[in-house]
Amino acid sequence: MFKRVLIANRGEIALRIIRACKEMGIETVAVHSTEDADQIHVKLSDYSVCIGGPRSFESYLNMAAIVTVALKSGCDALHPGYGFLSENPEFVRVLQDLDIKFIGPSADTIASMGDKSVARQLMIDNDVPVVPGSDGEVETLEEAELVCNQIGYPVLIKASRGGGGKGMRKVFAPEELENEFFAAKREAQASFDDEGVYIEKLIINPKHIEVQILRDQFGNTIHLGERQCSVQRRNQKMIEEAPAKGVTEQMRKQMGDAAIKAAEASNYENAGTVEFILDEKDNFYFIEMNTRIQVEHPVTEMVTGVDLVKEQIRIASGLKLSKTQEEIQIDGHAIEVRVNGENPMMNFMPSTGHIDFFFGPGGFNTRFDTYLYNGAKVSPHYDSMLGKIIVKGETRLEAIRRMRRAIEETFISGIHTNLGYQYAILFTYDFIRGDYNTGFIEEHNEEIIEMINRIEDINGR
């Protein structure tokens, strides 16, 4: 087992990793920017080192500074969390050359899965269902026109190295193709330094379902069920739950088997997530594989009882999986709500500053993964997510009611949050029924805003 782990991240995920390491008897080294000197992960780690200025490229993306700290502090492993350098194959190769274990998959796996067109072809070659579309990247407008005519409109143009909805364009008619094709390439270049794009058939308002997998170096692979992640705004997830309502045991097995195929095809090692979309006829299609721990991993932990971060560390240290597929049981229902520093009443404008007062939710089967405390600083330099409230109930309805109660007792003053908006979602008829897809927010936004205007004393207004 590792002696000392460097955590190349910040916020709630850095704190999450510190907790797992402490329980495993592993020392932790936190790196931080000048902006984050007073953050809770810095205070709770065994050691901490400032690595640069407030902007990400000066600190959390500063590969040389992070590697230098890892070497000088005697770390034998590094956990990247999510975001920042977590899916950077060059970073993983540097660590490997220095004999520092990266707690995640290999550089080659990250590279192949990070190129969405390469990943798509790999799935096709291994009989994992994919959305109809182009064979690899589409380089010219003429090629794009040919692909679109073959698969039919509407289509979705996607950045090959994309994520978070960047470099993604919907095209509903031939006359829209030229503008959207070149717009997607420009955004892909600006966001990922790679203008490569590919084209898929656009599945209108699908359900976004993802499957959590674990795989060790001995080839043992398991899945831990699925998560429903369809409540999204601009391709950013807002609420996740496990298991997904409407997914039968047969569908769960089929998607789980497909996810395991994807892991084996990519020679995966560690924790990963295979993302699918589900159409109105319950056909599922692979869209991508995330080669890191996910923001929404706690809902899977709540219903399976498996600590995914500890499993990541165990796998990276050379141990076998702690459980077999037969030992994985889904118990109850879990929901996660992302708490962001933003103002939904002003088109979700980011909100930053100091926290005047903070009180988090508690109680039975209730968890709040956050870096907030009284006086904490919410910086404009980083992602707006403040934390995640996660609850579990014996039934989905109990979980919804528990989440409502958890939000009601959460107080965050000093900045605006999206808690009121999330609270209102929990009262919409279609969410309560579990009858929703990725078009949910677009369809219900006016209803949600109207509901917020009727609600008093909900934190985040």
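Colleague: Does Gly-272 count as buried or exposed, and at what relative accessibility?

Modeller: Gly-272 counts as buried because its relative accessibility is 0%; buried means under 20% relative accessible area, exposed over 50%, and partly exposed in between, with a 1.4 Å probe and protein chains only. The model is predicted, so local features need pLDDT of at least 70 and side-chain atom pairs count only at pLDDT 80 or more, while totals for chains, interfaces and linings use all residues. Residues are numbered from 1 along each chain as its sequence is written, and side-chain values use heavy atoms, with hydrogens and water left out.

Gly-272 belongs to strand S12, which covers residues 270–278. Strands (E, at least two residues) and helices (H or I, at least four) are DSSP runs numbered from the N terminus. Once residues up to four places away in sequence are set aside, Gly-272 touches Val-211, Gln-212, Ile-213, Asn-290 and Arg-292, a contact being heavy atoms within 4.5 Å.

Glu-187 sits in helix H8, residues 177–192. Its relative accessible area is 23%, and therefore Glu-187 is partly exposed. Apart from neighbours within four places in sequence, Glu-187 is in contact with Lys-166, Gly-167 and Arg-169.

Lys-101 and Glu-269 form a salt bridge whose closest N and O atoms are 3.9 Å apart; the criterion is a side-chain nitrogen of Lys or Arg within 4 Å of a carboxyl oxygen of Asp or Glu. Lys-101 lies in strand S5 (residues 101–102) and Glu-269 in the loop between helix H9 (249–265) and S12, so this pair ties together parts 168 residues apart in sequence. Lys-101 is partly exposed because its relative accessible area is 31%.

In total, the structure holds 37 salt bridges. One of them joins the side chains of Arg-10 and Asp-36, at 2.6 Å from N to O. Here Arg-10 is in the loop between strand S1 (4–7) and helix H1 (11–23), and Asp-36 is in the loop between strand S2 (27–33) and helix H2 (40–44), so the pair ties together parts that are 26 residues apart in sequence. Both Arg-10 and Asp-36 are buried.

Arg-93 and Asp-108 make another salt bridge, with 3.1 Å between the closest N and O atoms. Arg-93 is in helix H4 (residues 89–97) and Asp-108 in helix H5 (residues 107–114), so the pair ties together parts 15 residues apart in sequence. Arg-93 is partly exposed, with a relative accessible area of 36%, whereas Asp-108, at 55% relative accessibility, counts as exposed.

Salt bridges also link a group of residues into a network: Glu-210, Arg-227, Lys-237, Glu-240, Glu-275, Glu-296 and Arg-338. Finally, Glu-143 is placed in helix H7, and its relative accessibility of 34% is why Glu-143 counts as partly exposed.
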